[in-house]
Amino acid sequence: MEMYRSHVLVCAGAGCISSDCKSVQSALREHIEKTGLENEVKVVETGCMGPCDLGPVIMIFPDGVFYRKLKPEDAVEIVNEHLIKGKVVTRLLHRPVGSEERVADFGQLEFFKRQTRIALRNTGIINPESVEEYIARDGYRALGKVLSQMTPQQVIDTVKESGLRGRGGAGFPTGMKWEFTARANGDTKYVVCNADEGDPGAFMDRSILEGDPHSVLEAMAICGYAIRASRGYIYVRAEYPLAVDRLETAINKAREYGLLGENIFGTGFNFDIETRVGAGAFVCGEETALLASIEGQRGEPRPKPPFPAQEGLWGKPTVINNVETWANIPPIILNGAGWFASIGTEKSKGTKVFALAGKVNNTGLVEVPMGTTLREIIFDIGGGIPGGKKFKAVQTGGPSGGCIPEEYLDTPVDYDSLTKLGTIMGSGGMIIVDEDTCMVDLAKFFLEFVQEESCGKCAPCRIGTKRMLEILQRITSGDGRQGDIELLEELSRGIKSSALCGLGQTAPNPVLSTLRYFRHEYEAHINDKKCPAGACQALLTYYINPETCRGCGLCSKECPAGAITGEKKKPHVIDPAKCIKCGSCKQKCKFGSIITV
Amino acid sequence: MKSLEELDKLRDRLQQEMKIRDKDYDVAITVSMGTCGIAAGAREIVKALLEELKQQGLNNVALTQTSCVGLCQHEPLLEVTRGSEKTTYVNVDQEMAKEIVRKHLVEGTIVKDWTAPKK
């Protein structure tokens with residue numbers, strides 16, 4: 001490695017790649033070479049920096065200037081002004097929502113300032129394809145430490161004392177999982193990484209794999225030492241090709257350096273890791289289905305117990321943790337259990353990565369201490385709701401979770417507070433919805449997802465969710481019947497208590513939680529045949545405001561049902577009997593005269 | 001990798017290059033890079049400084065640029081900032097730049113003769 005006076009970090013997370021960071025990067029490189037700066041300035045491709053909606057984004061060090069929404073043509077100005085003359089290119093800086101001024105220093109942006117990055121400590125800062133950059137930031141020191149200075153039991157005790165709980169959803173104490181597996185009978189044991197991230201709107205695991213793959217490899221090797229396993233598997237979905245690629249590169253580099261393989265650190269400890277690419281079935285995120293899939297069986301769950309700690313992969317005791325959980329392990333070993341336990345709340349230690357999606361200004365990835373309020377995450381870091389709309393609810397935990405309405409925005413987020421509100425932490429997806437979202441429709445969306453992804457092994461999930469979906473479909477299309485709400489509740493109770501795995505047991509949650517907080521919306525759909533949010537097409541009535549209609553006739557030409565009539569230059573009228581509520585007239589009208597109620 | 005010591009040695013070497021991303025430096029050298037500075041050869045000064053910083057293995061120094069500071073006749077011009085202490089060197093050439101790194105940054109003595117314009 002060489003010394004440079006400036007590093008230009010170009011985000012190459014999947015979000016920025018889709019906004020074409022690659023051509024920005026090559027334009028920067030090209031112009032840096034043209035101006036003869038290639039020995040002074042280094043361009044580094046990193047993983048996800050977090051503010052995905054601002055992509056392509058770059059950071060320039062040593063000053064830490066953050067540029068956003070770049071186009072290849074901006075490269076010339078950045079090189080000529082910033083890199084040569086030291087002048088910040090103001091027009092390319094980010095202006096936070098509600099602020100008059102553009103901010104140069106990334107550390108001064110609320111989005112970054114309020115974060116505490118443990119799992120994401122390297123993501124967006126290092127080149128994920130360079131093991132050297134990982135090592136420069138204390139990479140593999142934790143592995144070196146446990147192998148040369150700690151007993152397996154001490155490692156387990158450290159993880160237990162840290163209070164780390166599983167980041168995949170259920171929040172089971174990680175140290176206990178390790179201890180159960182270590183104590184289980186048998187000589188052959190396995191370490192598995194669950195990288196089958198499937199919740200709609202959650203992408204923290206992908207970002208860690210893409211941005212800091214070595215942190216997962218190191219943590220798995222540490223666990224291997226603690227439970228006396230010599231082989232690990234990473235089960236990652238095929239929809240994450242970049243993550244698979246970078247994992248493979250990382251595994252090969254780690255082997256080259258002798259950080260995986262035989263006799264690691266000269267201690268006689270052997271450990272190696274392989275990836276297994278899943279075909280993208282949501283149910284394979286469930287641990288027993290995932291293990292079956294690694295074995296080459298159908299990805300279907302089985303009853304627990306026995307838990308994987310007793311009988312896991314190929315019937316052998318197995319530790320299975322999620323990507324984000326793994327990424328927390330090396331810092332815990334290096335900084336101590338006490339350090340980690342000092343962050344967060346009483347029963348939820350450390351930080352949590354949240355993926356902000358939906359109706360929020362700063363969609364992207366953020367990591368905050370447990371106990372941070374929803375308001376701070378959504379409004380201070382997330383920048384609030386776009387377009388001056390009103391916040392309505394946030395869905396946490398994906399299809400297994402539930403929604404939280406406005407009155408609970410000041411709740412400190414941890415495993416237990418979310419459970420109390422009728423939802424779950426889940427993997428950390430946060431889908432924010434505004435006043436235009438119909439909560440019945442939202443519940444229907446998740447039920448559709450679950451119905452599609454149900455593996456079909458058990459009847460409650462296969463048939464029960466189908467019946468629930470049918471009820472939701474008829475409610476949203478205006479055919480809701482009296483007693484539908486009660487029927488939904490009854491079905492939910494039945495499915496929750498009798499489904500085989502977590503997928504089915506949690507599938508009714510979106511319905512139950514929207515019923516808990518937005519029952520009136522269900523009632524309006526059923527009793528009044530109205531959608532209060534104005535989202536369910538079938539329940540809308542279209543009419544033309546005679547005061548603003550200019551009689552241009554565009555709508556009547558557009559209407560496929562011939563429902564609109566009127567004389568030229570005089571207000572037009574929609575015949576409700578003919579109207580099929582397709583909404584095409586509303587899109588066409590230039591005067592906003594077509595109104596829905 | 002045969003031992004933790006070996007890893008630590010490697011890390012220390014690699015950190016030299018990576019420290020720049022921590023925004024955690026003790027000294028900043030800021031070279032004036034207005035049109036006047038560039039015309040007077042400031043680009044070469046930056047290269048010389050970087051070379052010497054590498055030579056000396058200094059990784060706690062930020063080498064940055066700024067625009068014209070209004071003393072165009074004294075370009076190339078650079079400023080060394082350590083905490084609240086600021087020193088401006090004027091009419092710097094490549095050799096002087098290297099000497100400033102050795103004297104001011106390594107030894108800690110300000111080269112007073114070069115801080116004021118020559119009479």
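Two strands are said to pair if DSSP finds at least two bridges between them, and the strands themselves, like the helices, are DSSP runs numbered from the N terminus, with at least two residues (E) for a strand and at least four (H or I) for a helix. The structure is a predicted model, in which local features need pLDDT of at least 70 and side-chain atom pairs count only at pLDDT 80 or more, while totals for chains, interfaces and linings use all residues. Residues are numbered from 1 along each chain as its sequence is written, and chains are lettered from A and ligands numbered from 1 in the order in which they are written.

Chain A as a whole is divided into domain 1 (6–113), domain 2 (134–341), domain 3 (351–434), domain 4 (439–528) and domain 5 (540–596), with bounds that come from an automatic or database domain assignment. Between the C-alpha centres of domain 1 and domain 5 of chain A there are 47 Å.

A residue is called buried if 20 or more other C-beta atoms lie within 10 Å of its own, exposed if 12 or fewer do, and partly exposed in between, with C-beta atoms placed from the backbone. By that rule the buried residues of helix 3 of chain A are Ala75(A), Ile78(A), Val79(A), His82(A), Leu83(A), Ile84(A) and Lys85(A). They pack against several elements of chain A, including helix 2 (21–34) and strand 2 (41–46), together with strand 2 of chain B. Just after helix 3 of chain A comes Gly86(A), which takes a positive phi of about 75 degrees.

The link to chain B leads on to the place where the two chains touch. Two residues are in contact if their C-beta atoms, placed from the backbone, lie within 7 Å, and the contact between the chains takes 32 residues from chain A and 28 residues from chain B.

Chain B itself contains four helices and four strands, which run α-β-α-α-β-β-β-α from the N terminus on. Of its 119 residues, 38% count as buried. The four strands of chain B form an open sheet in the order 2-1-3-4, with mixed pairing. Strand 2 (61–66) and strand 4 (85–89) of chain B stand at the edges with a single partner strand each, so one side of each is left without a neighbour in the sheet. Inside the sheet, strand 1 (residues 27–32) and strand 3 (residues 78–82) of chain B pair in the antiparallel sense over five bridges, and Val27(B) stands opposite Arg82(B) in strand 3 of chain B.

Some details of the backbone of chain A remain. The peptide bond that joins Lys304(A) and Pro305(A) is cis, with omega about -5 degrees, and the bond from Pro305(A) to Pro306(A) is also cis, with omega near 5 degrees. Pro305(A) has its place in the loop between helix 12 (287–294) and strand 9 (318–322) of chain A. Elsewhere, Lys69(A) has a positive phi near 50 degrees although it is a residue other than glycine, and it lies in the loop between strand 4 and helix 3 of chain A. Lys69(A) counts as partly exposed, with 14 C-beta neighbours inside 10 Å.
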